[in-house]
Amino acid sequence: LDFETAAALRDLLHQPISPDEYLVNPNLTADRRHESLIALQSVLGYWPLARIECYDISNLSGTAATAAMTVAIDGEISPRHYRHFTVRTKNTPDDVAMLKEVLTRRLNRTDWPQPDLIVLDGGKSQLSIVTWNIPTIALAKKEEVIHLTNGQSLKLPKNHSGLQLLQQLRDE
């Protein structure tokens, strides 16, 4: 409930870019995206990260379940590549089974480019479905912990540009 401190921290995370900065560097936005990708690549050890796909399940008490796929291309959020899936096999709340269905369907799509990294909204249980050879991580909300398929977890600083890229992609 300390709103002043919260506002100050928010402003630190989302520093506005002044027009003068663009005069000095007209490619500022592209450079920042590139820096975010480099930061993420160095932490995860996955190269390249040209296409990152993030998946999240949404349902109403297990009914009307859907999944969203958001995409970043070269560190830039790309809404035209987003996809929406209707979950067909589960009528009870089971995010893990629903994710497995959706990702199986998605990865069978040979007409779509393969992702370089798959991000699952969730924790370790969501990673239990991984049976493919594409690097996959889970990003847990609130704590913002990155879970890896090898059982390790990464807690990055809130201002880490790679983490912020993943958060932005997930929050889309």
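His160 counts as buried because its relative accessibility is 17%, where buried denotes under 20% relative accessible area, exposed over 50% and partly exposed in between (1.4 Å probe, protein chains only). His160 lies in the loop between strand E8 (153-155) and helix H6 (161-171); helices (H or I, at least four residues) and strands (E, at least two) are DSSP runs numbered from the N terminus. Leaving aside residues up to four places away in sequence, His160 touches Ala39, Leu40 and Val43, a contact being heavy atoms within 4.5 Å.

The model is predicted: local features require pLDDT of at least 70 and side-chain atom pairs count only at pLDDT 80 or more, whereas totals for chains, interfaces and linings use all residues. Residues are numbered from 1 along each chain as its sequence is written, and side-chain values use heavy atoms, with hydrogens and water left out.

Strand E6 (residues 136-140) has five of its five residues buried, so E6 is largely enclosed by the rest of the structure.

Thr136 in E6 is the bridge partner of Ile118, while Ile137 has Leu148 in E7 as its bridge partner. The hairpin of E6 and E7 has four residues between the strands, and Lys142 there takes a positive phi near 70°.

How values were computed. Pairing = 2+ DSSP bridges.
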